[in-house]
Amino acid sequence: MCGIVGFVGTNKVKDVLLDGLKELEYRGYDSAGIAVLQDKEFSSYKAVGKLDNLVQKVADFDPKGFAIGIGHTRWATHGKPTELNAHPHLGDASYVVHNGIIENYQEIKNELMAEGTHFLSQTDTEVIVHLFEKYLATEATPFEAFQKTLAKLEGAYAILLATKSMPDTIFFAKNGSPMIVGVNDEGEKVFASSDAPLIGHAKDVIYLGDGEYGFVSPTALELFDKRHQRVKPSLTPLPTSKLSAQKEGYRFFMEKEIYEQSDVISDAMLGRLQDESINFDELDPTLFDGINEIKLCACGTSYHSALASSYLFERYAKVRTSVEIASELRYKEPLLLKDTLFVVISQSGETADTLETLKMAKAAGLKTLVICNVDNSSMVRLADASILTRAGIEKGVASTKAFATQMTVFWMLALYVSQLRNTLSIEKIKDQIHALREVPNSVKIDDNLHEKIRRLSKRYLHGHGFFFIGRDVFFPLALEGALKLKEITYLHAEGYPSGEMKHGPIAMADPELFTIALMPKGLLYDKTKSNVEELSARDSTICAISPVTFDKADDFIQTKEHGHYMLEFFEMMVVLQLLSMEISVRLGNDVDMPRNLAKSVTVE
Ligand code: F6R
């Protein structure tokens with residue numbers, strides 16, 4: 001995801017900006033840029049791809065003496081990853097960097113264009129700098145122009161702005177996206193969107209609150225709250241370990257990534273949800289012409305998201321959908337017919353088995369699509385079309401947020417295909433979009449829920465196995481819950497369709513068999529309940545996850561009631577992730593780097 005750095009001081013501007021961007025690399029990005037203001041002149045450099053490309057471009061740039069600078073790593077949301085769309089964005093004599101989303105940017109852009117402003121990029125960010133320059137002409141001071149700009153913006157942002165009209169000053173603002181200001185004894189000021197880039201450059205930091213804004217110069221640090229009252233900055237000592245700073249206060253990357261899901265799901269939906277329709281700029285609708293079947297193919301967690309989405313494709317888009325495990329498809333001499341759209345799903349875009357199946361499908365002349373988290377990966381380069389899931393880099397080996405964004409993209413894609421095939425009315429699509437907008441809320445974690453799962457986890461450290469059970473899309477979610485548990489606790493777990501238990505596995509039921517039952521209220525509740533009662537009657541230890549109180553369970557995790565079963569899906573996904581993590585913690589395992597596993601499996 002995007003990262004921001006900024007610096008006011010002497011001799012170090014280039015190093016602080018580039019080192020800071022390097023520290024933010026782990027968050028994922030597809031382009032980067034800096035702008036430095038020295039002796040009233042700006043120098044700006046941008047590059048697509050790895051930070052090294054930017055480093056090479058600035059090799060001969062040596063700004064000695066006092067300077068101010070701002071820098072950014074961008075993960076494309078509005079507009080493709082190109083140099084023009086990379087930050088910083090230029091007005092006439094000012095540059096801006098921004099994280100977040102300006103929700104009313106189109107309205108502002110239309111107004112400014114009608115007044116003759118020329119835009120260079122497709123980003124929402126560029127409106128900020130043009131708006132500022134418009135107000136610069138009318139307001140008494142640049143700071144008032146900045147205040148007036150902020151008053152027009154709706155949405156989430158962390159902003160740094162530098163302007164020739166106050167060449168020793170950086171304006172800043174935060175609302176919804178993180179921003180930290182660091183200070184040291186030399187009077188230097190350093191900005192970053194997380195702690196890590198500040199380490200070594202700042203002694204104390206100010207964690208800006210939402211609605212706060214102000215400016216810094218060598219001699220000033222002025223801070224205002226959302227009611228425009230001047231506030232005294234409250235300084236906190238900066239942590240000294242970079243690794244722990246990257247974890248942003250969480251114990252593990254996995255925990256941080258579970259908590260990040262609300263944000264990355266919002267990113268995955270950015271620009272793709274309209275009021276009455278789903279839009280994928282990256283797709284040419286003719287991709288679906290002549291298609292009578294969708295074949296989804298993946299490994300591991302990505303396979304689970306594919307399996308869950310197959311229910312959505314058939315239910316909403318009324319298109320025949322099959323799901324394949326890549327390592328199986330490779331050697332089963334599959335029938336690959338030209339009226340099939342072949343879709344591979346992969347966080348990394350490099351998994352050897354999945355990549356091979358994509359090659360097979362292409363060789364057989366099928367149209368292909370990849371749903372992937374990594375731009376420019378082998379699969380993205382090979383497939384006819386791609387949709388990026390925008391989860392940012394996932395460091396925990398056990399996938400969490402990547403799965404969450406895959407599911408978000410799949411739900412949107414099922415609706416997109418249903419639009420093309422006219423299988424849902426506008427009203428039904430609108431209801432679904434309304435529900436989709438609720439997903440980021442459904443995965444927010446209440447402290448009480450996390451605490452309950454933490455306490456409960458101590459009862460699940462032994463036993464002769466876990467069965468995660470569910471119906472419909474909750475069956476693939478059960479598979480994913482079981483996989484998470486296996487990966488980081490090394491306990492045996494299986495995912496099973498609730499209705500299948502009586503066809504064999506119920507023979508295992510006894511108090512040492514743990515059943516984790518997914519019992520959504522909005523989908524087949526009574527059917528699932530009967531299956532869980534059958535297990536309870538045979539004395540299996542039951543942990544029920546449901547909005548509906550269930551008195552036959554030994555443990556009960558209450559989830560919220562939602563207007564759509566998919567929102568229950570997302571909330572239960574978080575419960576399962578937390579449960580595995582807390583069991584793993586109690587067992588003393590390495591949560592982020594479980595034994596025997598690698599993040600990307602590039603061998604067969
Ligand atoms: C589990 C996990 C793996 C991957 C699988 C495929 O937490 O991450 O099961 O899903 O190795 O990897 P990708 O999605 O990169 O193709």
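Residues are numbered from 1 along each chain as its sequence is written, and side-chain values use heavy atoms, with hydrogens and water left out. Because the model is predicted, local features need pLDDT of at least 70 and side-chain atom pairs count only at pLDDT 80 or more, while totals for chains, interfaces and linings use all residues.

Helices (H or I, at least four residues) and strands (E, at least two) are DSSP runs, numbered from the N terminus. Helix H3 spans residues 105-114, and its buried residues are Tyr105, Ile108, Lys109 and Leu112; buried means under 20% relative accessible area, exposed over 50% and partly exposed in between (1.4 Å probe, protein chains only). Viewed down the axis of H3, these buried residues fall within an arc of 100°, so they line one face of the helix. The arc is that of the directions from the helix axis to the C-beta atoms. On the face turned away from the buried side, H3 carries the exposed residues Glu107 and Ala114. The packing partners of the buried residues of H3 are strand E6 (94-102), helix H4 (126-138) and helix H5 (142-152).

A pair of aromatic rings is described by the distance of the centres and the angle of the planes. Rings of Phe, Tyr and Trp (its six-membered ring) pair if their centres lie within 6.5 Å; planes under 30 degrees apart count as stacked, over 60 as edge-to-face and the rest as tilted. By this rule the count is 24 aromatic pairs. In one of them, the ring centres of phenylalanine 143 and phenylalanine 215 are 4.9 Å apart and the planes are at 70°, so the pair is edge-to-face. Phenylalanine 143 lies in helix H5 and phenylalanine 215 in strand E12 (residues 212-217), 72 residues apart. Both phenylalanine 143 and phenylalanine 215 are buried. The rings of phenylalanine 313 and phenylalanine 410 also form an edge-to-face pair, because their centres are 6.1 Å apart and their planes at 85°. Phenylalanine 313 belongs to helix H9 (residues 300-317) and phenylalanine 410 to helix H13 (residues 401-421), so this pair ties together parts that are 97 residues apart in sequence. Phenylalanine 313 counts as buried at 1% relative accessibility, and phenylalanine 410 is buried at 0%. A cluster linked by ring pairs contains Phe132, Phe143, Phe146, Phe171, Tyr213, Phe215 and Phe224.

Threonine 163 is located in strand E7 (residues 155-163) and is buried, with 0% relative accessibility. Its side chain makes polar contacts with the side chains of serine 94, at 3.1 Å, and serine 165, at 2.9 Å. A polar contact is a pair of N or O atoms within 3.5 Å; within protein, one must be able to donate a hydrogen and the other to accept it, and residues adjacent in sequence count only if both atoms are side-chain atoms. Beyond neighbours within four places in sequence, threonine 163 is in contact (heavy atoms within 4.5 Å) with residues including Leu37, Phe42, Phe132 and Phe171.

The ligand is surrounded by 13 residues, the closest being Ser302, Ser346, Gln347, Ser348 and Thr351; a residue is near a molecule if one of its heavy atoms lies within 4 Å of it. A side-chain N or O atom of serine 302 is 2.5 Å from an oxygen atom of the ligand. For glutamine 347, a backbone N or O atom lies 2.7 Å from a ligand oxygen atom.
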